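Please look at the sequence and the model before reading on.

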Amino acid sequence: MHYANTYLEKPVVPDVKITGEGTTDVLKCMLNTGSDIYQGACKKRGSTLKEEYKNASGTCYMDPRDMAKLGVNNWDTVLVKTDFGEVVVNCAVSRDAPHEGTVFICKGPWANTIVSHDTYCCSDPTYKGIRCTVEKTDRKVLLMADLMRWVYKKYVDETDDDTVENMDSLGELPVYKGRKWEELIDHDL
Amino acid sequence: MTYEPPVTDYDYIVENCTCAFCGCNCDDLDYLVKNGHVVAVRHACRLGASKIMEDMDQRLIVPMIRDENGELMEVDWDTALDKAAEYIANSVRPVFYGWSETSTECMKEGVALGEYIGAVLDNQATICHGPSLQAVQNAGYPIQTLGEVQNRADVIAYSGSNAMNSHPRHMARYAVFCRGYFRQRGRFDRTVITMDPKFSDTAKCSDKWIGFEQNGDYGFYNAIRAVLRGKELYQDVISGIPKEDIYELAEEMKNAEFGVLFFGLGLTHTLSKQRNIDIAIKMVQDLNRFSKWGLTPMRGHFNVNGFNIFMAFECGFAFGVDYCRGYPRYMLGETNTIDLLTRKEPDCFMVIAADPGAHFPNGANQHLANIPVIQIDIHWGPSTELADVVLPGSFDDEWIVRELKERVMKLREEPNVAPKYVPNPNAL
């Protein structure tokens, strides 16, 4: 049977070749988070364990001039640090450029790691306008399940960040002991 | 992006279904059904379509609890509900968070359970439009319906909101491109102004983009108010905007026949929080001295406003309602989920139709790793990675919460469980 499909492996970004030398090691920026349509579609479909969510949500959208300073191209990895944590994400040319000095990461577990939980007694955490630094890195972007394990360590005994980061990946499918949906629902895909 | 051929192989169409994604609640969706399965949907936006054509790999199908190795294991409904009820009955400060993507009947059961056990009930407003609700209490609520916008509005202002990405049919169906009784030519009869530091997709299809600087919203709206009240601006540049532009904008807004301000999370998530909305509401009130203006918050989930209205109706407060003393209590920065979690207060957390794993800051979520988490949801999401009991919900959320309530009541009546404080009627 033919089902309509809204899957998209990576968000569409401007196909710009960055030709900077990468003279800056650590770039000081302002971090904004929020939603965009790729992240929203993937989250609402429920595909949060998939590579698609990692690319839609775990991507730092940057001004091409900032990318030239760091010497990175579309879908390279960068390390973003704030006072509240650090996370490895992809980087890509922003569709809303120019906005030199500002980076945008869609909301999701990756952005959560580095946003401020300060509510200033107003119930709402400060998700926008946080000072951050961006630097080039060789570390890989973690899938959602691996990231949750790395950040919160709720069900692992190790407490060391590097050990947990390099553990075997939990993969793109739910890990549980029990019947899967194919066994329970009569279907004819 | 590959070409996706349209679905032509279907048995019948179900017309005019309501979309359960965003606050627009579009009611013209057509489902294409084959052998009892929805195979495609027409008229929905990308977000609505992906919600309906869901990912079955991650659909929660069976109730699960964590075994001793920390791995989720399928159990029967009785065991899972008993385990969840045990966590709730043994807690002294439970928080029930979520409710925005479920039915109002389910909320009713939730309030009954929360009142019995002395829990905090909160919804997604606490991390999105909570400041808007506070501002409404501070400054008023000059609101209009989307039908009025469609038929009458000739100036549409978006502020801190990217409608093209988060409410994709808002511009097309309700506000900008649609034709109305007094706006027969649709888009040509309307002026669209976007005020946002980001040159967002909404800004790209607007007539005017005002890119004030980050955290500059408060100063910017105050400057417009000053101009509207006939004052002169002494600074040349305010919040990154030249004063001539502010004069021009104020004039344009004054001359509107019917103007509407739609505001989103760009205002509530920056530093001034509810003060931004206060000032935006007051600006709309000032504009009503010259013309007809209204405003509408761009709410996210389809029933997020439903929960706020329901709670305000039931107990007098819109969100963050604390029942720990037996009566409803609400205190900003005290009974809200993020503040409670940051202070490490809750000892049991129930997530229903929400995803704190995906949307709470790390500093708040860290506490979820220390306490039992019960999840009622339809998909395996980031919260499932932190959940100890997983109950697959759907349209039977109401049944699950009612079952939980009955089981918790039964447990609390047993003498070896932490007693609930019951006021003695003879004490006086």
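Which residues does T126(B) touch, not counting residues up to four places away in sequence? The reply is given under the second heading.

## Basis of the report

This is a predicted model, in which local features need pLDDT of at least 70 and side-chain atom pairs count only at pLDDT 80 or more, while totals for chains, interfaces and linings use all residues. Residues are numbered from 1 along each chain as its sequence is written, chains are lettered from A and ligands numbered from 1 in the order in which they are written, and side-chain values use heavy atoms, with hydrogens and water left out.

## The surroundings of T126(B)

T126(B) touches S123(A), D124(A) and P125(A) in chain A, and Y97(B), F319(B), N336(B) and T337(B) in chain B. Contact here means heavy atoms within 4.5 Å. T126(B) lies in the loop between β7 (120–123) and α4 (130–139) of chain B. Helices (H or I, at least four residues) and strands (E, at least two) are DSSP runs, numbered from the N terminus.

With a relative accessible area of 0%, T126(B) is buried. Buried means under 20% relative accessible area, exposed over 50%, and partly exposed in between, with a 1.4 Å probe and protein chains only. The C-alpha atoms of T126(B) and V33(B) are separated by 38 Å, and the two residues are 93 apart along the chain.

## Chain A

Chain A has seven helices and seven strands, in the order β-α-α-β-α-β-β-β-α-β-α-α-β-α along the sequence. Of the 189 residues in chain A, 56% are buried.

Helix α1(A) is largely enclosed by the rest of the structure, because nine of its nine residues are buried. Its cover includes α2 and β5 (102–106) of chain A, together with α1 (46–52), α6 (163–166) and α15 (356–359) of chain B. K50(A) is found in the loop between α1 (37–45) and α2 (51–57) of chain A, and is buried with a relative accessible area of 10%. Leaving aside neighbours within four places in sequence, K50(A) is in contact with L143(A), E172(A) and L173(A), as well as D55(B), D57(B) and Q58(B).

## Chain B

Chain B comprises 17 helices and 18 strands. Along the principal axes, the C-alpha trace of chain B spans about 70 × 65 × 40 Å.

Of the 428 residues of chain B, 59% count as buried. Among contacts in chain B with a separation of 6 or more, 65% are accounted for by residues 24 or more positions apart.

## Where the chains meet

The contact between the chains takes 69 residues from chain A and 90 residues from chain B. The area buried between them is about 6700 Å², of which carbon and sulfur atoms give 57%. K44(A), Y155(A) and K177(A) supply 11% of the area that chain A buries against chain B, more than any other three residues. Buried area is the accessible area (1.4 Å probe) that two parts lose on being put together, summed over both.
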